[in-house]
Amino acid sequence: MIAVATETRTQPSTGESELLRQFTADDLGAFETLFRQHQAQVYGWIIRLVRDADAAEDLTLETFWRIYRVRERFDAERSFEAWARRIATNLAIDHLKRVRPMESLPADCARAEEVDRDMQEHVRRQTERVFRQLPAGYQAVATLALVEEQSYEEISQALGISVGAVKSRVFRAVRLLRKQLKRLGVEP
Amino acid sequence: MKEASDARIKELLQQALPPANAQPRRDLWPEMLRRLDQRAPASAVPWFDWALLALVAICVLAFPHSITVLLYYL
């Protein structure tokens, strides 16, 4: 059976539809209104994924820049928020791909306990390091599903993939994390 | 057993990833305006106009006699 990604088409209100129509007709004032209405939501979504305030600000601006650039193609009857979130998610994943972990995993990390005297801090660091080694797409779904506890439906809409694909990515991300943590002597 | 392990992975991740402050530190609109100014296209000529111009230039270079035909239609 082929799972099909579903997108909730939240109909904008009449006022918002008018605003969106003005925006698609190249009205800078309408764009400013939309920007001010949605910047916090877009930033909030991005920072959950990238966990870096500077990068999140830059990616928020890039998201709105892309929205502005293709404004003529936007259907004013569709949800602006869902559209912005989809673009923001793709940009955040691209960012995660570019920002690779600073160091590769040494084989004897588990024995480097003199560096991390506090065991809990040691485990926390190892987990973060292993997590940053995951492919960007897995990092995104794992953060949203496991840390931020977003619904699979919401994640599937943001990523533009099916709910089944989200579940599969979460499963694979957890499996990879478990394997790597075991390798480093952290027993999950 | 597996569920317990999955829950532990989730707990480890929640500890490892610092909580994210969901609010931007400043209003980003002034920066957005700057970006719009910087990235405004130098000319509003659509790409297909450039493509057409390139095609005409190639035709003229490949078949110089076509210049007269072109001038006739202009």
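Author: Start with the fold. This is a predicted model. Chain A has eight helices and zero strands. Along the sequence, chain A reads α-α-α-α-α-α-α-α.

Reader: How do you describe the packing of α2(A) and α4(A)?

Author: Two packed helices are described by the angle between their axes and the distance between the axes. For α2(A) and α4(A), the angle is about 35° and the axes are 9 Å apart.

Reader: Which residues make the contact?

Author: From α2(A) they include A:Leu34, A:Trp45 and A:Ile46. From α4(A) they include A:Phe80, A:Ala88 and A:Leu96. A pair is in contact if the C-beta atoms lie within 7 Å.

Reader: What makes up this contact of α2(A) with α4(A), by class?

Author: It has eleven nonpolar, three polar and two charged residues. Leu, Trp, Ile, Phe and Ala are among the nonpolar types, so A:Leu34 and A:Phe80 count there.

Reader: Where do the domains of chain A lie?

Author: The domain assignment gives domain 1 as 8-99 and domain 2 as 103-188. Their contact takes eleven residues from domain 1 and eleven residues from domain 2. On the domain 1 side, α4(A) gives the largest share, eight residues. That side divides into five nonpolar, two polar and four charged residues.

Reader: How many residues of chain B touch chain A?

Author: 25 residues of chain B are in contact with 30 residues of chain A. On the chain B side, α1(B) gives the most, with ten residues. By class, that side has 13 nonpolar, five polar and seven charged residues.

Reader: What makes a residue of chain A buried, and what percentage are?

Author: A residue is buried if 20 or more other C-beta atoms lie within 10 Å of its own. Buried residues make up 34% of the 188 residues in chain A.

Definitions and conventions:
Residues are numbered from 1 along each chain as its sequence is written. Chains are lettered from A and ligands numbered from 1 in the order in which they are written. This is a predicted model: local features need pLDDT of at least 70, side-chain atom pairs count only at pLDDT 80 or more; totals for chains, interfaces and linings use all residues. Axes are lines fitted to C-alpha atoms, for helices over the stretch in contact, and angles run from 0 to 180 degrees between N-to-C directions. Helices (H or I, at least four residues) and strands (E, at least two) are DSSP runs, numbered from the N terminus. Two residues are in contact if their C-beta atoms, placed from the backbone, lie within 7 Å. Domain bounds come from an automatic or database domain assignment. A residue is buried if 20 or more other C-beta atoms lie within 10 Å of its own, exposed if 12 or fewer, and partly exposed in between; C-beta atoms are placed from the backbone.
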